[in-house]
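This text leads through one chain, from its surface to its fold and then to two local details. Please keep the structure in view while reading.

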Amino acid sequence: MTDTTAGAVATRREIALPGTLLGVGLGGFVDGILLHQVLQWHHMLTSTNTDNIGVGYYPADTVPGLRMNTLWDGFFHVFCWLAVLVGLSLLHARVTRSRGRVWGSRMLWGWILFGWGLFNLVEGIIDHHVLGIHHVRTDAYQTWWDIGFLLLGVLLMVAGWLLQRGGPTVDLCRDTPRATMATP
């Protein structure tokens, strides 16, 4: 590995954690806003009647059940907000200490997609399969919805990984030869 290649890998690593955390938080917000609130396919505890850990059942079609699910959806959104906040803080720290290096948006968006996919994979495995506290959609195709959620996560991770690999970094402090302007 040449010094230039080693430097490029180190530069990519600097943006990986902030981008991934932003992706985890933003991916969680997409899940919470789209699936929990807009489509109302599930809430955090809507499958506790068939869960794997013995949580009390909180059906979303009763006032007490909806209150409990809304509370846990709120905790979920706090987690997403904290992931975005920490991701932005780390990104700010990386940019202010980069000494002239900046990352192309392709690299940052690649890591964000990677983080969103990682969110889907981890949340899907833990909540849908291990704990069983909720599923993407509870109907005759429940297992397929849950598997599709995991596959979407893997696809987002692969797409993000490939996208960030093609993203350039620019060193604004490096002396570059300047083109001379021809005089007419």
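Accessible areas are computed by the Shrake-Rupley method with a 1.4 Å probe, and for residues only the protein chains shown count as cover. By this method the chain exposes about 11200 Å², of which carbon and sulfur atoms supply 68%. The model is predicted: local features need pLDDT of at least 70, side-chain atom pairs count only at pLDDT 80 or more, and totals for chains, interfaces and linings use all residues. Residues are numbered from 1 along each chain as its sequence is written, and side-chain values use heavy atoms, with hydrogens and water left out.

The chain has four helices and two strands, taken as DSSP runs (helices H or I, at least four residues; strands E, at least two) and numbered from the N terminus. Along the sequence their pattern is α-α-β-α-α-β. Of the 184 residues, 37% count as buried, that is, under 20% relative accessible area.

Helix H3 (residues 105-130) packs with helix H4 (residues 142-165) at an angle of about 160 degrees, their axes 7 Å apart. Axes are lines fitted to C-alpha atoms over the stretch in contact, and angles run from 0 to 180 degrees between N-to-C directions. Angles over 145 degrees count as roughly antiparallel, so H3 and H4 are roughly antiparallel to each other.

Serine 47 lies in the loop between helix H1 (3-38) and helix H2 (63-96). Serine 47 is buried, with a relative accessible area of 2%. Leaving aside residues up to four places away in sequence, Serine 47 touches Gly132, Ile133, His134, His135 and Thr138, contact meaning heavy atoms within 4.5 Å.

How values were computed:
Angles under 35 degrees count as roughly parallel, over 145 as roughly antiparallel, 65 to 115 as roughly perpendicular and the rest as oblique. Buried means under 20% relative accessible area, exposed over 50%, partly exposed in between (1.4 Å probe, protein chains only).
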